[in-house]
Every structure is written in C-alpha cells, then in structure tokens.
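Please open the structure in a viewer and keep the sequence at hand.

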Amino acid sequence: GVFMDNPAISDVLPLVEEYYRKPGNMVGGNLHVVLEDHNIQNYHLEFCLKEAHAVGDEDGVMLAQLLLKMSKTQRLKICRTHRGGQV
C-alpha cells in the first residue's frame, strides 16, 4: 500500500486523481505547487508535506511522501497526466 519503496506512476496516479476529487482540492489542495505548477523538486514536496501535515491532510501527506520517493521524471509525468479538476 502506502509504504511502497519504489512507487510506480500507475500506483500513484489513481491516488492523485482521488485526491483531486476531495472537497476543496479541485486545484491540487496542499500539493497545488507540485501538481498544478509542476514544481517537482524535493524542497517543493517537503514544503507541501509540512503544509498538509499542519492541517491534518493525511492524503496530502501520503501523496507527498510517495512523490518524494519517485524520480523527477516520474513526478513530471504525473503532473502532466492527471486530469485534476478538468474532468
């Protein structure tokens, strides 16, 4: 489940889609700067992780942790592939 050491895009993409469907997350919620703005450096994700943690956004925390384990190429693919609010 969540504790994947080497998460695949196919594992994480559905979680991203699900995250977007949560109330208030139409533009990426606490992971907005990563998912919407394609800021995929570790420090961007660490920032999102802190923000999500601060407001008790467990899904955001989990997603940020998974994305931190992925390569920058994988992160970018997820940012470009997810549909987010544009369903």
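**Before selecting**

This is a predicted model, in which local features need pLDDT of at least 70, side-chain atom pairs count only at pLDDT 80 or more, and totals for chains, interfaces and linings use all residues. Residues are numbered from 1 along each chain as its sequence is written, and side-chain values use heavy atoms, with hydrogens and water left out.

**Stop 1: the whole protein**

Display the protein as a cartoon; 5 helices and 0 strands make up its secondary structure. Here helices (H or I, at least four residues) and strands (E, at least two) are DSSP runs, numbered from the N terminus. The order along the sequence is α-α-α-α-α. The radius of gyration is 11 Å, close to the 12 Å that the globule rule gives for 87 residues, so the protein is as compact as a globular protein of that length. That radius is taken over C-alpha atoms, and the rule is 2.2 Å times the number of residues to the power 0.38. The C-alpha trace spans about 30 × 30 × 25 Å along its principal axes.

Next, colour the chain by accessibility: 38% of the 87 residues count as buried. Buried means under 20% relative accessible area, exposed over 50%, and partly exposed in between (1.4 Å probe, protein chains only).

**Stop 2: the nonpolar core**

Which residues have the most contacts inside the largest nonpolar core? Select V12, V16, L31, L35, L67 and I78, which hold that place in a core of 22 residues. A nonpolar core is a set of buried Ala, Val, Leu, Ile, Met, Phe, Trp, Tyr and Cys residues joined through side-chain atoms within 4.5 Å. At least two residues of this core come from each of α1 (9-21), α2 (32-35), α3 (42-54), α4 (58-68) and α5 (72-81). The most is given by α4, with 6 residues.

Stay with α4 and select its buried residues: G60, V61, M62, L63, A64, L66 and L67. They pack against α1, α3 and α5.

Now centre on V12. Not counting residues up to four places away in sequence, V12 touches P7, L63, L66, L67, M70 and I78; such a contact means heavy atoms within 4.5 Å.

**Stop 3: K72**

Move to K72, which lies in helix α5. Is K72 buried or partly exposed? With a relative accessibility of 37%, K72 counts as partly exposed. Show its neighbours I40, Q41 and N42, which K72 touches when residues up to four places away in sequence are not counted. For a distance across the model, select K72 and L15: they are 57 residues apart in sequence and 18 Å apart in space, C-alpha to C-alpha.

**Stop 4: H38**

Select H38 in the loop between α2 and α3. Most residues other than glycine have a negative phi. H38 is not a glycine, yet its phi is positive, at about 60°. Its relative accessibility of 31% places H38 among the partly exposed residues.

**Stop 5: R83**

Finish with R83, in the segment after α5. R83 is partly exposed, with a relative accessible area of 48%.
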